Structures are given as C-alpha cells and as structure tokens.
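Here is a short tour to read alongside the structure viewer. Keep the sequence handy as we go.

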Amino acid sequence: MHSHDGHTSCLSRLHPNDILFRFNIGKRMKDITQRFHDIHEEKSTFNLEHGITEVQTVDDFWRQTSSDITEPVVYGRNQDREKIVKFLLEDASNSEELSIFPIVGIGGLGKTTLAKQVFNDHRVCKHFDLTIWVCVSDDFNTKTILQSIIECITGQNPNLNSLEAMRKKVEEVLHGMRYLLVLDDVWNEYQEKWKQLKGKLQCARAAKGATILVTTRLEEVASTMQTHPTYHLKKLSGDESWSLFKYHAFGPNREETEELVAIGKEIVRNCIGLPLAIKTLGSLLRDQSEVRQWINVKEGSSMTNEENSIMRALKLSYSNLELSLRRCFSFCAIFPKDFAIDKEELIHLWMANGFIESERNIEVEDVGNKVWNKLYRRYFFRKQSVMSMVW
Ligand SMILES: Nc1ncnc2c1ncn2[C@@H]1O[C@H](COP(=O)(O)OP(=O)(O)OP(=O)(O)O)[C@@H](O)[C@H]1O
Ligand SMILES: [Mg+2]
C-alpha cells in the first residue's frame, strides 16, 4: 500500500479497507486449506496409492458364501435354474471332459443365489455323487481351493503343506466320482492360474459328467476358462422386480396404500432389475409408513453411502481394479452424475493428465480404448448413443 507522497506509511497499512481485505484473504486461505484437507481425506478413500491386495482383505468375511439357501423366496429364476439343471443332467453328463459352466453378470444380480438354487435342486443332488461349494473371491490360489475341496468332502482340514500332497489327496477324494464343484465369486483373469487348478482337477480322473459351475462378475474370467457356453444372467423383469420389492417392503401384513405403491413402483424402476438394490431398498422401507420417508428413498437421500450394501457391492468392483484403472475411473468424478461423456474425449483427457501411456508397440489411443473397455465391461459406464457415468 502506498501513501500519496510515494512513501510507505504505517498509518496507511492500518486503513480499515486494508484490514477488511486481509481478514477476507485470511478467511479464504483458511477455507482453501480446509478444502485441500478435505480433498486429501477424500482421496484416501479412493485407494489410489496402494495395490489391490491391501484393499481387499477388509471385505473378505463379508464376501464369504456357503451353499445353504438364505433367501425365503427367489423371484424370476425358474427358467435359468431349469436351463442350468438341464445342462448338468444332459449335456455335461455325456461329456468325457470336465465341463465348466460360468454364470456371468453384474454385482448383486443374483448369480450366487441362482447357483445355490441349482446346487440344492433335488435332481442335481441325486445326479451327482458329490457336491462341493467353494467361495473363491479375490484370492484365487490353487492350493487354497484344493484345500477347501478336501475340507468340504472330508470335513477336516487336510493340514498338508505341499501342492503335490494336496493334489494327491484331491485325487483320492474325487477319483471315480461324478462331482459338482461350485466356484463362487471368481475374479481371477490369469490364464496360468486357472490352468494350474484345472490341471490338478483333471488329474483326479473323476467320473464322466463332473462339472464346475462358476459365478463371476467378469466376462474376462469366463474367457480365461476357454469354455462354452457362458451363461449371461439377465436382470429381473418389471413384474418380478415389483414382487420382490413388495415382499420386502410390505411383507404379508402391511397395508399397500395407493400412494406408497405409486412411489414404490418408481423406486423399483430406478433399480433396473437388480435384486440386490430392490431388496435393500424394499427392506429399508419395511418399517416406514410415512410417505415422506418413501419419497426420500426414491430420491436416494435417505441412504448413507458407506453403509448400504449396494455401495459395498459396487466398491468391491472398484477395489478389484488395477491401480491405473482406478485412477482413470476416479478422474471421472469431475463429471456430474448422469453426465453424458464422449468416449474419445474422455480418452484424450486421460492422456492429457498422464493417466495412460503408450505400451511397447500399442498407441496411446488404443491403450485408452482398452482401459475404457475394461471399465465398461465392469459396468462403470452405461452405453447411450453417447456414454454416461453410472454412479
Ligand atoms: N431372484 C431373486 N429373488 C430374490 N432375491 C434375490 C434374487 N436374486 C438375488 N437376490 C438377493 O439379492 C442379493 C444379491 O444376490 P447375489 O449375492 O446372489 O448376487 P451376486 O450376483 O452373486 O453378486 P456378487 O457379484 O456381488 O457376488 C442377495 O441378498 C440375494 O438374496
Ligand atoms: Mg455372488
């Protein structure tokens, strides 16, 4: 600040406007520092600095499944069940080779639920000498899987250290048996790992008709298995979705007022045939009879993101992304929800920000295309005539 005669004066520094200016600047700096702090905090929730394994262990227990039927009523899966049972009892049963049947679909679509239906079907139980359920999740380890198989059949932990000993034991328990093995929730995309497990199982010389039923979110997992056919599970129809919602939201005794039904139908429409979402929102409304509460759920405002299981399911897909993909996806947070994104433009933005680089002899645009395809196949984007984010 300068005085009229060109000298810096102490008094002028104390001019009220100056004080106000400093006060405002001070406040803005404080706000900005706070925002940096918030961004830093938020950044840590995206796990952009750590490898996949570190993130995974947190969800492990929650992801564990077993073969028992936990769902009181399963809606709209009779046809699916019949098709798979038919495959097991007819096609697979005549095959000399070990049959593999992968069920593929987005998280929360009901793959595990369907696999349980098949696993517990009386015709299936009768047809197979042995039925074995192994929850694989993100840790695809031949030794651990073989150990689970042995434990499942004998009821005892084999306590064997070497892979060779484990293989021998598996051969002992599976030899000459027509077995059904369910590998639930597989994420492994490595050809080698899959070949190793399959090799060990083939060594066991089981009886004709032995089959592996796999559930996975990823198309790549099914292609790794190089098998035919892949079963793409479909979303529930409008009527099936409504029945499932009604079951959870109203239960047997609750009055279905016209007003709640109308809002409920809109909520169901937003769930795009995804049982996990329908069930979660239906159950959330079970004890709530206020119209306002239903409207809140419809508008998505009454869910705390950290807690609800839909977010947990989606977060798992995110945690399973490689670090570079996670960065590319997180970057999309700059776009508003439901924003239509042009694919080429997005790839250029990734390039400009240094998130993707050319690999050996692959052009950087093609790398961008690969990244985009991976995210798309994991359902992070939804196709329109243009692309939009699924949040
Ligand atoms: N057809 C259905 N009828 C009623 N409830 C269902 C149906 N399908 C799934 N559910 C319920 O929805 C939830 C999610 O289903 P499930 O765990 O089978 O999904 P998933 O496809 O295996 O998901 P993930 O990819 O996370 O393993 C479960 O609570 C299940 O009980
Ligand atoms: Mg599952």
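## The sheet

Strand E1 (residues 99–104) and strand E4 (residues 211–216) run parallel and are joined by six bridges. One residue to look for is Val104, whose bridge partner in E4 is Thr216. Please keep in mind that this is a predicted model.

Stepping back, E1 and E4 belong to an open sheet of five strands with parallel pairing, in the order E2-E3-E4-E1-E5. At its edges are strand E2 (130–137) and strand E5 (231–232), each pairing on one side only. Helix H8 (residues 142–154) lies across E2 and strand E3 (179–186), and runs at about 145° to E2.

## An aromatic cluster

There are 12 aromatic pairs in the structure. In one of them, the rings of Trp242 and Phe245 are stacked, because their centres are 5.6 Å apart and their planes meet at 25°. Both residues lie in helix H12 (residues 238–249), three residues apart, or about one turn of the helix.

Phe245 also forms an edge-to-face pair with Trp294, at 6.0 Å centre to centre and 85° between the planes. Trp294 lies in helix H15 (residues 291–298) and Phe245 in helix H12, so this pair ties together parts 49 residues apart in sequence. Ring pairs link Trp242, Phe245, Phe250 and Trp294 into a cluster. Are its members buried or exposed? Trp242 is buried at 14% relative accessible area, Phe245 is buried at 0%, and Trp294 is buried at 0% as well.

## Charges over rings

Two more spots are worth a look. The charged end of Arg326 sits over the ring of Tyr318, 5.9 Å from its centre. Lys343 lies over the face of Trp372, 4.5 Å from the ring centre.

Definitions and conventions: Residues numbered from 1 in each chain as written. Chains lettered and ligands numbered in written order. Predicted model: local features only at pLDDT ≥ 70, side-chain atom pairs only at ≥ 80, totals over all residues. Heavy atoms only, no water. Pairing = 2+ DSSP bridges. Helix = DSSP H or I, 4+ residues; strand = E, 2+ residues; numbered from the N terminus. Contact = heavy atoms within 4.5 Å. Axes fitted to C-alpha atoms, helices over the stretch in contact; angles between N-to-C directions. Phe/Tyr/Trp six-rings, centres within 6.5 Å; stacked < 30°, edge-to-face > 60°. Buried < 20%, exposed > 50% of the residue type's maximum accessible area, 1.4 Å probe, protein only. Lys NZ or Arg CZ within 6 Å of the ring centre and 35° of its normal.
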